[in-house]
2 protein chains.
Amino acid sequence: MARPQEFETTEVLRKAMYVFWSKGYEAASLTDILAATGLSKSSLYATFGDKRELFLAAFDAYRKGRMQYLQQTLNNGQPARQSIETFFRQGVAHSQDKTRVYGCMTANEAVELAPHDADIQRLVAEDFQAIEDAFTRAIARGQADGSISSRQEPRILAHFLLVGLQGLQVMARAKSDRARLEDTVTVMMAVLD
Amino acid sequence: MARPQEFETTEVLRKAMYVFWSKGYEAASLTDILAATGLSKSSLYATFGDKRELFLAAFDAYRKGRMQYLQQTLNNGQPARQSIETFFRQGVAHSQDKTRVYGCMTANEAVELAPHDADIQRLVAEDFQAIEDAFTRAIARGQADGSISSRQEPRILAHFLLVGLQGLQVMARAKSDRARLEDTVTVMMAVLD
């Protein structure tokens, strides 16, 4: 029974995404991508165009999935400070799970591609802005529900959380030990008190 | 007049380092490296071995230079809190200087190579440890000279500064705007009060 085309495309994109996320753009070979997706070269190219177009579609899928997860966690029904801490502690836990890809695809592409590719730089900047906006809303909610101190502007604290998150992603990618990451989250969260 | 071999090697390494730092390991082509160093393929290989060996030597040169700069700045005669802030504010200023390579080579290699290359993972981990140790000493000095609060262990604060530094490097690499970086440094420094 043939599966609907849309489902197949989503599945193929997800598999290609893991290859790019894990290996980086340059190091992801056509052989890697064909092996992961189970497609032939001709059907891959017929569906997605070239490697760059496949990458852009995979990166788009990554950002949508990660943003959905971030929004869900930041609005999980806990007081805002606790929602934010849950998001960071889960990130640390994920970084220790050897069945997962290490780090964050957006941080990876910020480092690998953004300096030399204006399109990727724009997509990375949009994603960082969207993460920062989500943190800003959560912090404003926390200042309203009393779980976060009102000493500092939400936007300034959101800048700090965004940058800290990227630092944790670099550390996760380098397989840093857990204590360093947990300590960092503890210090970061104390800034909200 | 022939220059001493040692000087030439240092110069060639410095030029190769900028290519790898700027482009990343995979994207740095032999053509790029030959153009930057002015060497022929045969003399490059005779002196340094293959691309990976040249990279390892260039990465070593980067880490030595960056560590020297870090140590000098953290011991610049100011109270420790101010020395640490000088280091971070200079980093932000450098990230806005278009004549410089964006970001930090160690953060780049943490992201690009560490997950798949045990040798690089070890070198990155050693470098992160050395940065963390330098921060720990500076924080202990600040707790002694009264410029840094003694509420928190130096090592825990050093974990936080190390991770924050890597986040700033990702942002610099992605050409993030300066306000985000300056705000982050302001919030980070307040943690030391």
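**Buried, exposed and in contact**

Modeller: Gladly! Let me start with H6(A), whose buried residues are A:Met105, A:Thr106, A:Ala107, A:Asn108, A:Glu109, A:Ala110, A:Val111 and A:Glu112. This is a predicted model, in which local features need pLDDT of at least 70, side-chain atom pairs count only at pLDDT 80 or more, and totals for chains, interfaces and linings use all residues. Residues are numbered from 1 along each chain as its sequence is written, while chains are lettered from A and ligands numbered from 1 in the order in which they are written.

Biologist: Why is helix H6 of chain A called largely enclosed?

Modeller: Eight of its eight residues, 105-112, are buried, so the rest of the structure largely encloses helix H6 of chain A. Buried means 20 or more other C-beta atoms within 10 Å of a residue's own, exposed means 12 or fewer, and partly exposed is in between, with C-beta atoms placed from the backbone. Helices are DSSP runs (H or I, at least four residues), numbered from the N terminus.

Biologist: What makes B:Ser29 exposed?

Modeller: B:Ser29 has 12 other C-beta atoms within 10 Å, so it counts as exposed. B:Ser29 sits in the loop between helix H1 (5-23) and helix H2 (30-37) of chain B.

Biologist: Which residues does A:Ala58 touch?

Modeller: Leaving out residues up to four places away in sequence, A:Ala58 touches A:Leu13, A:Ala16, A:Met17 and A:Phe20. Contact means C-beta atoms, placed from the backbone, within 7 Å.

Biologist: How many residues of each chain are in contact with the other?

Modeller: 39 residues of chain B are in contact with 39 residues of chain A. On the chain B side, H8(B) gives the largest share, 13 residues.

Definitions and conventions. Two residues are in contact if their C-beta atoms, placed from the backbone, lie within 7 Å. Helices (H or I, at least four residues) and strands (E, at least two) are DSSP runs, numbered from the N terminus.
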